[in-house]
Amino acid sequence: MNTMENRELARLLRETADLMEIAGADSFRIRSYRRAADAVETYSQPLRTMAAEPKKLLELPGIGKGIAAHLMEMLETGRFSEREKLLESHHPAMLQLLQIQGLGPKTIAAIWAKHHVATVDEVEALARAGQLRELPRMGEKAEQKILKAITAWRAMSGRFLLSEARRTAGEALARLRAVAEVEQAAAAGSLRRGRETVGDLDLLVSGRRLQGAALAAAMEHFLGLPGIVEIYGRGETKLSVRLHAGLQIDVRWLPPESFGAGLQYFTGSQAHNIALRGRALKAGYRLNEYGLSRLEGSEAPAAGGRSSSRSGGKAAPPAGLLPAAAEAEAAEEKIYRSLGLAWIAPELREDAGEIEAAAAGRLPRLVSEADIRGDLHMHTVASDGRATIEEMADAALARGYEYIAITDHSASLAMVQGLDERRMLQQLKRIRAADASYRQGRRPPGGGPERPLRILAGIEVDILADGRLDLADDVLAQLDLVIGSIHSRFDQPPAAVTERLLRAIEHPALHLLGHPTGRLLLRREPLALDFETILSACLQHGVMLEINSAPDRLDLHDRHARRCREAGVRVAINTDAHHPHHLGLLPYGLAMARRGWLEPGNVLNTLPADELMQALNARRK
DNA sequence: GCCGTTTTCGGCCCGACTGTTTTCAGTCG
């Protein structure tokens, strides 16, 4: 029986599309493969369950006879001959080269044709030797750019976006929890702290009957997790594996009475733990992963010894990124309390003042999912979204939101058929009509009483190289919300991008600055912009910043979020939803907002609808 | 390759920008 998951099938299709691109295949054909990959990945059921009825595959949008046959081959044999054929004439390392900013299929093909070279290391050597510039339309500047991009790529490789890591952690934890003797299972480490990228996963398990043969059986069961390609280490209490994608997972067993202490210890960060242990020492304690104990001369373990509480009553700890068992956090809380500290949210544990604040009782009341009243950045079929205004509105109602803003792309993002003035005005009419209907009250799709939803009209407008916005002022003036983003030439020097943003901030129509510090994608180096200057310009002009929760990008850094708080510049935490289910991806942006110590008052979309409108209109005066 | 049909072919994905050019190819979104 084949175990290929949808994600794996989608990956093979995408890689094949990449190889086809290097091979110079027809671009529409390539696009079909990519669209099919999207369809496979977002399909709700595992395709392997449909292997018996190949015809059902054809019901998926973007999958026709050709790709259905490819999928059947993969499901039945685990192989994909079309891809293998391409790999005979092309090198698999080319797929990595495509991740280098500025290196595209044409250049990669040209390098191969001339030098028969395809790995990152080899291309780097060519560039250093000044041999890349011998290729047509390549010069010294381009060569230097590629060298820089390789450095940036190296810095990011080996780390995984929070969204990917979180999804994998969810699957891995589910597998552990399926074992009867496992009473507690939680993710610790940088994932729990909500870092934008995660190096590896630390999973902790515990259970009173989870020992001896039961523990060994549980570990064995875990090894059935799809995608494991290597077992690094396998001891009595620890298991280390590597997944296909390269992510490493460590599973650690802890005695039940140490679970809280272990969770604290393995959540880190290291700097936080060092500071905390220092504080413990001063107070006469020793803190390690097994608990907090008095140093000699004193008895009575202070905390971490038996987390007893089977209370079941929920103390409702502040919502973290991954819902760890409430009782585990309660055990953690004991440790902090014993050290004279309030429990510190994982996102804050960076030794960045959180311990002092906890001691003084001045920890922020962090913004949480429950505070968010609406989403102010979403796309529809008018540009590159997958759903209509009404479908997005229904999804928002189902989440209990009070308002949304429809913000499709403007014209210069031509690939997605962005809106020009004429189409924006048509879209505006549709949004106003939908608003008129939904503000009267609607029953959420899942049931429940009728509730009103405000639908604001907006645009994600492109900030051009000279700082102009790419829609006419008289059209922008009719919109409730204008988000300015840069969609091209992020490889401009930081000073040029800063200048570009500053010009846009002066534009009276702009409310929100999207991608304010440069995108943090796996392929990209975060841009070092002059953030202080940007912030003071925002403050002066009443422009706010966006924290974009889209899974492949976290634009604002935590230190920047914290500077927003200090400077009094509001942020909006939006999902950039292209599909109704993207509205549920809020945690990625929230984690960053929380790491930036943001409180509800710092966040635009925690405001009630009336106050939100006031805040937006204030910009106009 | 897929899709839709005015159904078995023709349309689908294009503008901004850079570095290389001297008119435009390649990359990105």
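Predicted model: local features only at pLDDT ≥ 70, side-chain atom pairs only at ≥ 80, totals over all residues.
Helix pairs, a buried helix face and a loop valine

In α1, residues N6, R7, L9, A10, L13, R14, T16, A17, D18, M20 and E21 meet R29, I30, Y33, R34, A36, A37, D38, V40 and E41 of α2. Sorted by class, the residues of this contact comprise 10 nonpolar, two polar and eight charged. Helix α1 covers residues 6-22 and helix α2 residues 27-42; their axes come within 8 Å and cross at roughly 165°. An angle over 145 degrees counts as roughly antiparallel, and α1 and α2 are therefore roughly antiparallel to each other. The crossing of α1 past α2 is left-handed.

On the α21 side the contact is made by F531, E532, L535 and L539, which meet H560, R563, C564 and A567 of α22. Five of the residues in this contact are nonpolar, one is polar and two are charged.

Helix α9 can be checked for its length. With 17 residues (140-156) at 1.5 Å a residue, α9 should span 24 Å, and the 25 Å between its end C-alpha atoms agrees with that. Which residues of α9 are buried? They are E143, I146, L147, A149, I150, A152, W153 and M156. An α-helix has 3.6 residues a turn, so residues three or four places apart point the same way. The buried residues of α9 pack against α6 (94-97), α8 (120-128) and β3 (197-198). After α9 comes G158, with a positive phi near 90°.

The last stop is a loop residue. V367 sits in the loop between α16 (354-359) and β10 (374-375). Is V367 buried or exposed? Its relative accessibility is 0%, so V367 counts as buried. Leaving aside residues up to four places away in sequence, V367 touches I372, I573, L590, A593, R594, L598, E599, P600, V603 and T606. One of these contacts, V603, is 236 residues from V367 along the chain, yet the C-alpha atoms of V367 and V603 are separated by 7.9 Å.

Methods. Residues numbered from 1 in each chain as written. Chains lettered and ligands numbered in written order. Heavy atoms only, no water. Helix = DSSP H or I, 4+ residues; strand = E, 2+ residues; numbered from the N terminus. Expected span 1.5 Å × (residues − 1). Buried < 20%, exposed > 50% of the residue type's maximum accessible area, 1.4 Å probe, protein only. Contact = heavy atoms within 4.5 Å. Nonpolar A, V, L, I, M, F, W, Y, C, P; charged D, E, K, R; others polar. Axes fitted to C-alpha atoms, helices over the stretch in contact; angles between N-to-C directions. Parallel < 35°, antiparallel > 145°, perpendicular 65-115°, else oblique. Left-handed = near helix turned anticlockwise from the far one by under 90°.
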